[in-house]
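Open the model in your viewer and keep the selection panel at hand. The stops below run in order.

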Amino acid sequence: MPLPTPIAQLGADWQAFHAIARTGDERDLVETLAARALQQLGPTASVDCVADLATEHEVPALATLLEDVARQARPKTDPYERHKSRMAEKERKKSQAGREIGPLPPVADPERRAACERNLTLYLETYHPRAFPLAFSAGHRTMIGRIQIAVLIGALFAFAIDRGRGKTTIAIRSILWCQLHRHHRFAMLLGATDEKAQKCLLAIKTELRFNPLLAADFPEVCYPIYRLEGINQRAKGQLLDGQPTNMQWTDGEIILPTVAGQPGCIIGVGGLLTAVRGAQHTTETGEIIRPGVVLIDDPQTRESAPRPTRRRPGSTSSPATCSEWRDRARQSPPSCRARSSTAATWRTK
């Protein structure tokens, strides 16, 4: 005859506990705990010690089993109470099923994604062809290269370029490149005013929701956002494989989804008066995260430009904006044009 199982050796209370188990996994768990009790506490071990014997990974399954034990021990209720309980359980499962969005789609083209990880120019040309239908000029490539250095290495750059040349378009998609590839946990994009910053954030949200190339190669970010279906309140209860995505989709910042235990990156925006020095985010674990990179897009307006402007020794009053410098240079006689150009360079450095 086979040797008696630990359940049989421990007594009737363990046998009753084993009988309540409904699935094979639950029965295996009871037998594992019984063997552990027999080894550590001997044949007199009580079933009351199961919570102390379970490991961290066994606790959720044990909690479900103990809930079944408690339910069977409760006195019988009237039919109406049982009906209410069944309907409440049905609604709970229905709600959880509606919040679950798994499984996560695979990355469509890992090689394409990896090639752009440390190449901002290639990323812009690959994932945003409609935003950049024409080839980049030398000035564009210089600006993009400086943004890449600031993100990957760390640097301070100021770069002036004419209006209508795509500064804001590049800045918005550069922040996306930075956070989709997780170069920084927290990145900020500042504009001249809060209103302009909000428009930049709206453009970022539009790319994350509707760009098919980003959806294909960055499913861990774009798929949970797509499943919101434009209803921001769904972010609070969204689940992926049973775990909350902890996504935030507000007017001032975006916290990208948490996937497989990896917290999402943060994108914040604001106007020039935003307190960048005090900007921070507190995670669920209590960790304090501060911005790792800040891009400032078109920070000066005609209203914020100093009036009267600074004077250089021996020069006349300087215009406040680059467009005014350009207009004045065109109207100046040739003998004055070089001096005006020099002054414009000095103002924009």
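**A loop stop to begin**

Select Asp 241. This residue sits in the loop that joins β2 (239-240) to β3 (243-244). Bear in mind that the model is predicted. Check the backbone: Asp 241 is not a glycine, yet its phi is positive, about 55°. Most residues other than glycine have a negative phi. Is Asp 241 buried or exposed? Its relative accessibility is 57%, over the 50% cut-off, so Asp 241 counts as exposed.

Go to Ala 260, in the loop between β5 (253-255) and β6. Ala 260 also is not a glycine and has a positive phi of about 55°. With a relative accessible area of 83%, Ala 260 is exposed.

**A cis peptide bond**

Now select Gly 102 and Pro 103. The peptide bond from Gly 102 to Pro 103 is cis, and omega is near 0°. Most peptide bonds are trans. Pro 103 belongs to the loop between α6 (79-99) and α7 (110-115).

**Zoom out**

Show the whole chain as a cartoon. How many helices and strands are in the chain? There are 15 helices and nine strands. Colour by burial next: of the 349 residues, 37% are buried. Then switch to the surface. The chain exposes about 21,100 Å², and carbon and sulfur atoms supply 54% of that area. Now consider contacts with a separation of 6 or more: 64% of them join residues 24 or more positions apart.

**The largest nonpolar core**

In soluble globular proteins, nonpolar side chains tend to be buried together. Here the largest nonpolar core has 42 residues. Select Tyr 123, Leu 124, Leu 180, Leu 189, Ile 204, Leu 208 and Ile 254: these have the most contacts inside the core. Several elements give two or more residues to this core, among them α8 (120-127), α9 (138-152), β1 (186-190), α11 (194-210) and β9 (293-296). Which element gives the most? Select α10, which gives eight residues.

Stay with Leu 189 and show its contacts. Leaving out residues up to four places away in sequence, Leu 189 touches Ala 171, Ile 172, Ile 175, Cys 200, Gly 268, Val 269, Gly 270, Leu 295 and Asp 297.

A second, separate core has 19 residues. Select Trp 14, Phe 17, Ala 37 and Val 47, which are included in this second core.

**Ile 144 in α9**

Move to Ile 144, in helix α9. Its relative accessibility is 0%, so Ile 144 counts as buried. Which residues are in contact with Ile 144, leaving aside neighbours within four places in sequence? They are Leu 120, Thr 121, Leu 124, Phe 136 and Ile 170.

**Last stop: the cavity**

One cavity of 30 Å³ or more is counted. The largest cavity has a volume of about 90 Å³. To see its lining, select Arg 185, Asn 246, Ile 255, Thr 258, Pro 263, Gly 264, Ile 266, His 281, Thr 283, Glu 284 and Ile 289. Colour this lining by residue class: four residues are nonpolar, five polar and two charged.

Key:
Residues are numbered from 1 along each chain as its sequence is written. This is a predicted model: local features need pLDDT of at least 70, side-chain atom pairs count only at pLDDT 80 or more; totals for chains, interfaces and linings use all residues. Side-chain values use heavy atoms; hydrogens and water are left out. On a 1 Å grid over the protein atoms alone, a cavity is a set of points where a 1.4 Å probe fits but cannot get out, and a pocket is an open set with protein on both sides within 12 Å along at least five of seven lines; lining residues have an atom within 4 Å of a point. Grid points are joined across faces, edges and corners, and a volume is the space filled by probe spheres set on the points. Ala, Val, Leu, Ile, Met, Phe, Trp, Tyr, Cys and Pro count as nonpolar, Asp, Glu, Lys and Arg as charged, and the others, Gly among them, as polar. Helices (H or I, at least four residues) and strands (E, at least two) are DSSP runs, numbered from the N terminus. Buried means under 20% relative accessible area, exposed over 50%, partly exposed in between (1.4 Å probe, protein chains only). Contact means heavy atoms within 4.5 Å. Accessible areas come from the Shrake-Rupley method with a 1.4 Å probe; for residues, only the protein chains shown count as cover. A nonpolar core is a set of buried Ala, Val, Leu, Ile, Met, Phe, Trp, Tyr and Cys residues joined through side-chain atoms within 4.5 Å.
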